[in-house]
Amino acid sequence: MKARHKRFALIGGGIAALGIATALVLNAFQDNLVFFFTPAQVIAGEAPKERTFRVGGMVQTGSVQRDGLTVNFVVTDSVQTVSVLYTGILPDLFSEGKGVVAQGKLDGNGQFRAEQVLAKHDENYMPREAQHAIDQATQNAEGTRL
């Protein structure tokens, strides 16, 4: 084999290895990607059916029901509500009327089964995307009422 052919084979092998490595990294990134949805988006069917995602809003007052470590509560964006079922220890700051983000999947009955629940750290904090989504949902609801 000539030196020129060896060089082309080496460059081709390097490009193939780089392509395989890129594909593996993108696949791993895709598996760990978690999107945020409001209850209005979940009800509208915009949330994935078989993938993990996050739903956020306010815990509806009077909706928290506890049975041992299992907690059922409702998350609202002031337009729609989503029922959330979580088994585990809730954060200390979790309470009715406060902001919450739950990560999990929708089950076959349309109930959100959370694997993780995050509560906001003070009374003024809300993630930017959560506040934007709630404002957008409220604005859309006001537009449909006119």
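Which residues form one aromatic cluster? F37, F53 and F112 do, and the views below start from them. The structure is a predicted model, in which local features need pLDDT of at least 70, side-chain atom pairs count only at pLDDT 80 or more, and totals for chains, interfaces and linings use all residues. Residues are numbered from 1 along each chain as its sequence is written, and side-chain values use heavy atoms, with hydrogens and water left out.

**View 1. The pair of F37 and F53 is edge-to-face.** The structure holds three aromatic pairs, where rings of Phe, Tyr and Trp (its six-membered ring) pair if their centres lie within 6.5 Å, and planes under 30 degrees apart count as stacked, over 60 as edge-to-face and the rest as tilted. The ring centres of F37 and F53 are 5.5 Å apart and the planes stand at 90°, so this pair is edge-to-face. The pair links distant parts of the chain, with F37 in strand β1 (residues 36-37) and F53 in strand β2 (residues 53-59), 16 residues apart; strands (E, at least two residues) and helices (H or I, at least four) are DSSP runs, numbered from the N terminus. F37 and F53 are buried, in a scheme where buried means under 20% relative accessible area, exposed over 50% and partly exposed in between (1.4 Å probe, protein chains only).

**View 2. F53 also pairs with F112.** This aromatic pair is edge-to-face, at 5.1 Å centre to centre with 65° between the planes. Because F53 lies in strand β2 and F112 in strand β7 (residues 112-119), the pair ties together parts that are 59 residues apart in sequence. Both F53 and F112 are buried.

**View 3. D107 and R113 form a salt bridge.** D107 is placed in the loop between β6 (99-106) and β7. The structure holds one salt bridge, defined as a side-chain nitrogen of Lys or Arg within 4 Å of a carboxyl oxygen of Asp or Glu; in the bridge between R113 and D107, the closest N and O atoms are 3.1 Å apart. A polar atom of the D107 side chain also lies 3.0 Å from the backbone nitrogen of N109. R113 has 41% relative accessibility and therefore counts as partly exposed.

**View 4. F8 is exposed in helix α1.** F8 is found in helix α1 (residues 3-32), and because its relative accessibility is 54%, F8 counts as exposed.

Definitions and conventions. A polar contact is a pair of N or O atoms within 3.5 Å; within protein, one must be able to donate a hydrogen and the other to accept it, and residues adjacent in sequence count only if both atoms are side-chain atoms.
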